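Here are a few friendly notes to read alongside the model. Please keep the structure open and follow each point in turn.

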Amino acid sequence: MDTCIKKIRELCADLLEKGEVKKVIGFAKGTIPMATCPIAIQKKQDVDKLVFNSTCGLNLANYASKEKGKIAIIAKGCDSRNIVTHIVENQIERDQIYIIGVPCSGMVDKFKIAELFEDEIIEFAESDGTLTVSSTLKTQTLKKQDYLKGNCLYCTHKNPVLYDVLAKDPGEEQKLDNLFPDVDQIEALDVDAKWQHFEDLTKNCIRCYACRNACPLCYCPTCFVDESNPQWVGKGQDKTDVNTFHFLRAFHCAGRCTDCGACVEACPMGINVRDFTRKLNKDTLEFFGWEAGLDVTKRPPLDTYNPDDPDDFIK
Amino acid sequence: MGNLLEHMGIERDRVHFSWISSAEATKFVDVVKEISDRVRALGPNKKFVKDYN
Amino acid sequence: MENPYMPYPVRIDDIEIATEDKSLKTFKFVFLNEGDEEKFSYQAGQFAELSIPGVGEIPIGIASSPVEKGFVKFTVFRTGVVTSHLHNMKVGDIMGIRGPLGNWYPWDKLENKNVVIIGGGFAFTTLRSSIIYMLDPENRSKFKNIDVVYGARSPGMLLYREELFEWEKRSDINMHITVDGTDDPNWKYHTGFVPTIVEQNAPKADKDTYAIICGPPIMIKFTQPSLAKLGYKEHQIIMSLENRMKCGIGMCGRCNIGKELVCKDGPVFTLEQINQTPKEY
Amino acid sequence: MKFITIDKKDWTKGIDKSRETYQLFGPVKDKNGCLIKKLDTDVQPDMEYQESVMSAKSVLFPQTEKILNANLNESVEDHHIMKRSLTDYSPRAVLGIRPYDAKAIALVKLNFDTNEFKDPYWCDAYDATVFVGLGITKPGPFDFSTSVGTGPFCEEGLDILLADLDDKYLAKVLTQKGDAYAIACGFDVKADEKESQVLFDILRKEAEKNIVSFVETDKLKEKTVLELHEAPFWDDVAFSCINCGTCTYVCPTCWCFDIQDETKQKQATRFRNWDTCMSPLFTRHATGHNPRGNKIQRVRQRFMHKLKYFLDKYDQGIMCVGCGRCVKSCPVNIDIREVCLTMNTFEKQE
């Protein structure tokens, strides 16, 4: 991962110096271990603040919608797919964005790592595939592959699908015969167990809306949950309102979600809200053979109609 | 929509989709009767229902 | 312990359409419980939260004057969930009023001073309350001369038209009523925006003259230079601000401009105070 | 000052005894991290936790709380008249609360308990609650509580302060409420006052030495509100912010709330929910005008309120107890210590 950071900084410095872009959106080192902070670099000499490692789990496409002027973005595989979705959904023009593609080797699940320790983590370092994490009590070396984020585990689009330049040569994509084992697991449960699974999932949700606000797909001026006239969802912590919010938020991502995991990365309680969207991703793949954000020219399935769309559910 | 509801634990028989034109009055009656029976068979729904204690 | 969130139960006694386009209605409320009116005694310039159970609350300036006993009046513009619900209610319906809230126009400071009242659009409610309070036989002598500049989009949009024309006839108050525009040939009063009418008619400032402004931000923005031209200093311009409110008692934290809370430390501020705070209203 | 020694063997028995008269709240570890929750009869507080994701503010100020309800059925005699919702304010005890969380409650009291208005819901809950604090012997890396007027063994806002001496707790009883709770638990093994106080001082100094994070707030007072408000650094501070409500909900000193009404058939209920200055709805007028319509204004409001407005209004220091929860939970790692440093060292260029 660290070999390409030098390349990224050179590219950004070059872009800024030539004035080709107004600003570069990337990640800067965080003030606490295992954290990185999205940053906008406007001046050449600031490019050294840019970093890229396995803790850059947020989706920078979220900062690209409604941008005026030309900007550059450092984009992982999933980020680039969300930029494609932005373009397809007229949030940004293709020529408005210079994409620095970074073939990704997966981001780490910070909650899973933190669970190994009783006290706070004070050190986090990584070098090609092994992580060394330490707190005041102990130090552990871990295989990154065992601590990948849920979405990176099943990711088949590590290489950016749309880019102006690549920070390093593309890696080899993983081939999976079953892309959705986690969804099958839930589908195997009986009706009441399914409901119980989702009730336990969102039990500690504090409705801070970090999952919605971290998602590049959520750019509505007034979200359905903020609407008061009519009011679709209660504002309180009643579990029906909480589940209604999560159900409807997920439903708005049907056929658009690239499973980048920014929602889970942003959640302060570490709730895997992807359990909602993953089912929709599986269905859109099964019914329409569609994966979001792969091709700027193709319209999403729920945006088009053709006669052989499956409609057996209509009686 | 139906799949996600089912995924969350709402029995498939509780949610029905039908395509009835305003001219097809009889079909409307039949569909309503059939769905009511199917839903009544499942008993009162406890999920997605706010409890106002 | 007095529960500041508990509204006093009231009954709608009368509903009057206040403007030709029916977007504003004046509601007359009567307190159901005996002692509540006493507890609700208020000053001109204060506001209250109109509470409709199960729908919500809205902060509205009190339009009736402290000298008018036996009822309280509010003029409400239909714009959101609660106001629309209120507009559909009928005489006899029960709801609640919480207050009086906020501070009021500095009546003690305004004693034996000239007072210029400038109002615009539907923000004339607390100004009506003030004018009636000042014209009351007991209080009129406390104040020197009173000028009022009140403007609205058209004659039909003027609030409390009958009272305005009545005050026009009185000698102890100079009324300058204006409208942005009208095609009514026998319109006897001014035509033009409030800032220009203020410049033409409002008295020059001296150390004993104070101006009270209440209206849409655009009107306030353009009236300030006119007042400055007439020599009004910042501490002589008194304004009533509006901000999003929920609790009305300075606890829910949303209505602040800097460290000042519009609902508790306001809504009435002098321009001098406002200029020391961020303009987040 | 009364000191009691509580052998850890008797701890569980004691607090279970107090359940007869007290509802217990305490830290509980579950899959989403450590949270302060109501302890069911068989659940014990986790006294070994480092830091809870959420603070104890939900004990006095639940995220959703019924405040008023009314019957809308016209045939009923007092229909449409609001009555206070029935809430159980029987005695409760928060066990193992961190000293900075108790200090936070003392700061929040300034808002809910003023001489003009008293919030009955918060005040009734406060009066009914006993705070049994647990001193922090090993402060975390984000704990900067000593820089903001509190610390790992701070006693303000607590009724009892426990010091963990491995096989037993040394309890310093600070208030009458604390004494009543100790009696309810049957903890009566008195410890020598002078010795215990010396031991507490040693523990406190030791813990304070382990604090690794600091913040300077000395120059915030002298800067004017407008100077800081108009400062140029807000754009950079706010760029990465996604305006979610995490920092305000995990923060023990954030008290902003929203009032919402809901109706089901003839039953009307008025709720109070936590609210966040990060949401545009917080200040959006019914006309649509929004004095804090963009993200940067909202982020500025949060830090200005915590580090300037509160400081000027109450003169009780900044509205932060240095727990570091917002630093840890912010999805984009906006760090209040960095913002405070920027504000504290900001000089207005003429």
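1. Start in chain D, where Gly14(D), Ile15(D), Lys17(D) and Ser18(D) of α1(D) meet Tyr181(D), Ala184(D) and Cys185(D) of α5(D). Contact here asks for C-beta atoms, placed from the backbone, within 7 Å. Helices are DSSP runs of H or I with at least four residues, strands are E runs of at least two, and both are numbered from the N terminus.

2. A word on the source: this is a predicted model, in which local features need pLDDT of at least 70 and side-chain atom pairs count only at pLDDT 80 or more, while totals for chains, interfaces and linings use all residues. Residues are numbered from 1 along each chain as its sequence is written, and chains are lettered from A and ligands numbered from 1 in the order in which they are written.

3. How do the two helices cross? The axes of α1(D) (residues 8–18) and α5(D) (residues 176–185) come within 7 Å and cross at roughly 105°. α1(D) and α5(D) are therefore roughly perpendicular to each other (65 to 115 degrees; axes are lines fitted to C-alpha atoms over the stretch in contact, with angles from 0 to 180 degrees between N-to-C directions).

4. Where do the domains touch? In chain D, 29 residues of domain 1 are in contact with 25 residues of domain 2. On the domain 1 side, α3(D) gives the most, with 9 residues.

Terms used. Angles under 35 degrees count as roughly parallel, over 145 as roughly antiparallel, 65 to 115 as roughly perpendicular and the rest as oblique. Two residues are in contact if their C-beta atoms, placed from the backbone, lie within 7 Å.
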